[in-house]
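Subject: Structure for your review

Dear colleague,

Please find below the sequence and structure that I am handing over to you. A summary of what was found follows directly after.

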Amino acid sequence: MKLLAIADLHLRYEVNRRALEALPPHPRDWLILAGDVGETEEQLAWALDLLTRRFARLLWVPGNHDLWTPPGRHGGNADARGQFKYDRLVEVCRGYGVLTPEDPYPLWTGPGGPRLVAPLFLLYDYTFRPDDVPVEEAVRWAAEDNVVCSDEVLLLPDPYPSRPAWCAARCDATEPRLEEAARSAPLVLVNHWPLRRDLAVLPRVPRFAVWCGTRRTEDWHRRFRARAVVYGHLHIRGTHSRDGVRCEEVSLGYPQNWDPRRGLAPYLREILPGLDGGGA
């Protein structure tokens, strides 16, 4: 019995869909989907229909691609935008019995437990930038190096006035839940975006970090008794340690970020009971 994780399946790509279809059953294991399953409700539903028949339990958190509003739907279709789209994706998950950030945190009692597994949805607020760059100038600063995230067009924050405002609301709502949960058992924190700025290291596009998290969560791994932190978004798989807490970047990514000849199974990261080394 294992707690496994993967992020950034990006099912718009046929090779990624084929690999997911070929994944063998894991009837005793739990699987964390740490964001960016796809870009539409239909892609999410397709993945959940397949994976709920192959794993004992699924947990999901949204990524930025999951929340995108496709071109042509920016107008009056409010339920396809921002918080409204997130709410719809939560309902899709609940239709398949998949746990989300809106549900009670489940208790893992298998090997490596007991641990509460906490799916989070926190977004970002442009604070992953150098201290001498004002936060309101962070996007412009990134653009000076020809780095612009598609979120600026496709990730709409409705009904919040901005993505940072939405991020602040999510953090405000999540902190008391984690404080209460941490009194019960050690936690596994799951978020699409890394919780710390020093984990958002992208050697090829370093200024993309401004779309990668919020400084509000820098100490959450200590504050909330985390034994592991799971995230994706960077498309740079790796195992890191911060203050003795294992931090796992578990993304698959675009076809150029992984080797389709290996299939998907080697890219599932074991979170509990846990491995000593890196991974695929």
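The strands β4-β5-β6-β7-β9-β8, in that order, make up an open sheet of 6 strands with mixed pairing. Its edges are formed by β4 and β8 (238-242), each of which has a single partner strand, so one side of each is left without a neighbour in the sheet. Please note that this is a predicted model.

I begin with the β4 side of this sheet. Strand β4 (residues 107-108) pairs with β5 in the antiparallel sense, over 2 bridges. Within this pairing, Leu 107 stands opposite Leu 116, and Trp 108 stands opposite Arg 115. The hairpin of β4 and β5 has 6 residues between the strands, and Gly 112 takes a positive phi near 90 degrees there.

Strand β5 (residues 115-119) is itself largely enclosed by the rest of the structure, because 5 of its 5 residues are buried. Both of its faces are covered: Arg 115, Val 117 and Pro 119 are buried on one side, and Leu 116 and Ala 118 are buried on the other. On to the next strand, β5 and β6 (residues 187-190) run parallel and are joined by 4 bridges. Pro 119 has Val 190 as its bridge partner in β6. Helix α6 (residues 163-182) lies across β5 and β6, and its direction is at about 155 degrees to β6.

Strand β7 (residues 226-231) runs parallel to β9, to which 4 bridges join it; the bridge partner of Val 229 in β9 is Cys 247. Strand β9 (residues 245-249) is mostly covered, with 5 of its 5 residues buried. On one side of β9 the buried residues are Val 245, Cys 247 and Glu 249, and on the other they are Arg 246 and Glu 248. The pairing of β8 with β9 is antiparallel and extends over 5 bridges, with Ser 241 opposite Arg 246. In the hairpin of β8 and β9, which has 2 residues between the strands, Asp 243 takes a positive phi near 55 degrees.

There is also an open sheet of 4 strands, in the order β3-β2-β1-β10 and again with mixed pairing. In this case β3 (55-61) and β10 (269-272) are at the edges; each has a single partner strand, so one side of each is left without a neighbour in the sheet. Strands β1 (residues 3-6) and β2 (residues 26-34) pair in the parallel sense over 4 bridges, and Leu 4 has Leu 31 as its bridge partner in β2.

Turning to the helices, α2 (residues 41-51) lies across β2 and β3 and runs at about 155 degrees to β3. Helix α1 (residues 14-21) packs with α2 at an angle of about 20 degrees, the axes being 10 Å apart. At that angle, α1 is roughly parallel to α2. The crossing of α1 past α2 is left-handed. The residues in contact are Arg 17, Leu 20 and Glu 21 of α1 and Trp 46, Ala 47, Leu 50 and Leu 51 of α2.

Helices α2 and α3 also pack at an angle of about 20 degrees with their axes 10 Å apart, and they are therefore roughly parallel to each other. Here, however, the crossing of α2 past α3 is right-handed. From α2, Glu 41, Leu 44, Ala 45 and Leu 48 meet Arg 88, Leu 89, Val 92 and Cys 93 of α3.

Lys 85 is found in helix α3 (residues 82-95). Its relative accessible area is 5%, and because buried means under 20%, Lys 85 counts as buried. The C-alpha atoms of Lys 85 and Pro 101 are separated by 14 Å, with the two residues 16 apart along the chain.

Finally, I come to the nonpolar cores. The largest of them has 77 residues, and those with the most contacts inside it are Leu 33, Trp 60 and Leu 189. Apart from this core lies another, of 18 residues, including Leu 3, Leu 59, Val 61 and Val 230.

With kind regards

Terms used:
Residues are numbered from 1 along each chain as its sequence is written. This is a predicted model: local features need pLDDT of at least 70, side-chain atom pairs count only at pLDDT 80 or more; totals for chains, interfaces and linings use all residues. Side-chain values use heavy atoms; hydrogens and water are left out. A nonpolar core is a set of buried Ala, Val, Leu, Ile, Met, Phe, Trp, Tyr and Cys residues joined through side-chain atoms within 4.5 Å. Buried means under 20% relative accessible area, exposed over 50%, partly exposed in between (1.4 Å probe, protein chains only). Two strands pair if DSSP finds at least two bridges between them. Contact means heavy atoms within 4.5 Å. Axes are lines fitted to C-alpha atoms, for helices over the stretch in contact, and angles run from 0 to 180 degrees between N-to-C directions. Angles under 35 degrees count as roughly parallel, over 145 as roughly antiparallel, 65 to 115 as roughly perpendicular and the rest as oblique. A crossing is left-handed if the near helix is turned anticlockwise from the far one by less than a right angle, and right-handed if clockwise.
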